[in-house]
Amino acid sequence: MDYIIHAVIIFIISLMVIGVLKIFKGPINFALKLLLNILFGYVCLFIINLAGDLIGITLSINVVTAGIVGCLGTPGVIILLILKWIALI
């Protein structure tokens with residue numbers, strides 16, 4: 001009889017864990033996608049800085065610039081380059 005009670009408790013707890021995971025599935029996916037985009041932004045900025053050393057265009061690599069490139073993609077890189085160009089004038 002004691003084993004049946006333990007089995008029912010484990011079943012109920014597992015259902016609760018599955019429910020919580022289903023609730024937080026969307027926010028977890030969004031956070032992972034944003035993190036991957038920011039990492040992609042770091043890589044893009046690093047490549048731009050490697051190529052930019054040859055022509056004199058560099059962008060600082062930090063969380064803000066990587067976030068902009070990660071969220072906006074290629075237009076984010078163009079916006080950062082334009083802002084860098086405006087700041088030099």
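## Basis

Residues are numbered from 1 along each chain as its sequence is written, and side-chain values use heavy atoms, without hydrogens or water. In this predicted model, local features need pLDDT of at least 70 and side-chain atom pairs count only at pLDDT 80 or more, while totals for chains, interfaces and linings use all residues.

## H2 against H3

Helix H2 spans residues 25-55 and helix H3 residues 63-72. Helices are DSSP runs (H or I, at least four residues), numbered from the N terminus. The two pack at an angle of about 110 degrees, with their axes 7 Å apart. Axes are lines fitted to C-alpha atoms over the stretch in contact, and angles run from 0 to 180 degrees between N-to-C directions. H2 is therefore roughly perpendicular to H3 (65 to 115 degrees; under 35 is roughly parallel, over 145 roughly antiparallel, the rest oblique).

From H2, the contact (heavy atoms within 4.5 Å) takes in Leu34, Asn37, Ile38, Gly41, Tyr42, Cys44 and Leu45. H3 brings Val63, Thr65, Ala66, Gly67, Val69, Gly70 and Cys71. By class, there are nine nonpolar, five polar and no charged residues. Here Ala, Val, Leu, Ile, Met, Phe, Trp, Tyr, Cys and Pro count as nonpolar, Asp, Glu, Lys and Arg as charged, and the others, Gly among them, as polar.

## H3 against H4

H3 also packs with helix H4, residues 74-88. The angle is about 140 degrees and the axes lie 6 Å apart. The pair is therefore oblique.

Thr65, Ile68, Val69 and Leu72 of H3 meet Thr74, Pro75, Gly76, Val77, Ile79 and Leu80 of H4. Seven of these residues are nonpolar, three polar and none charged.

## Asparagine 49

Asparagine 49 lies in helix H2. Its relative accessibility is 13%, so asparagine 49 counts as buried (under 20% relative accessible area; exposed is over 50%, partly exposed in between; 1.4 Å probe, protein chains only).

The side chain of asparagine 49 reaches the backbone oxygen of leucine 59 at 2.7 Å. Leaving out residues up to four places away in sequence, asparagine 49 touches Thr58, Leu59 and Ile61.

## Cysteines

The disulfide count is zero, with a disulfide taken as a pair of cysteine sulfur atoms within 2.5 Å. For cysteine 44, the nearest cysteine sulfur is that of cysteine 71, 13 Å away.

Cysteine 44 is buried, at 18% relative accessible area. Cysteine 71 is exposed, at 55%.

Key:
A polar contact is a pair of N or O atoms within 3.5 Å; within protein, one must be able to donate a hydrogen and the other to accept it, and residues adjacent in sequence count only if both atoms are side-chain atoms.
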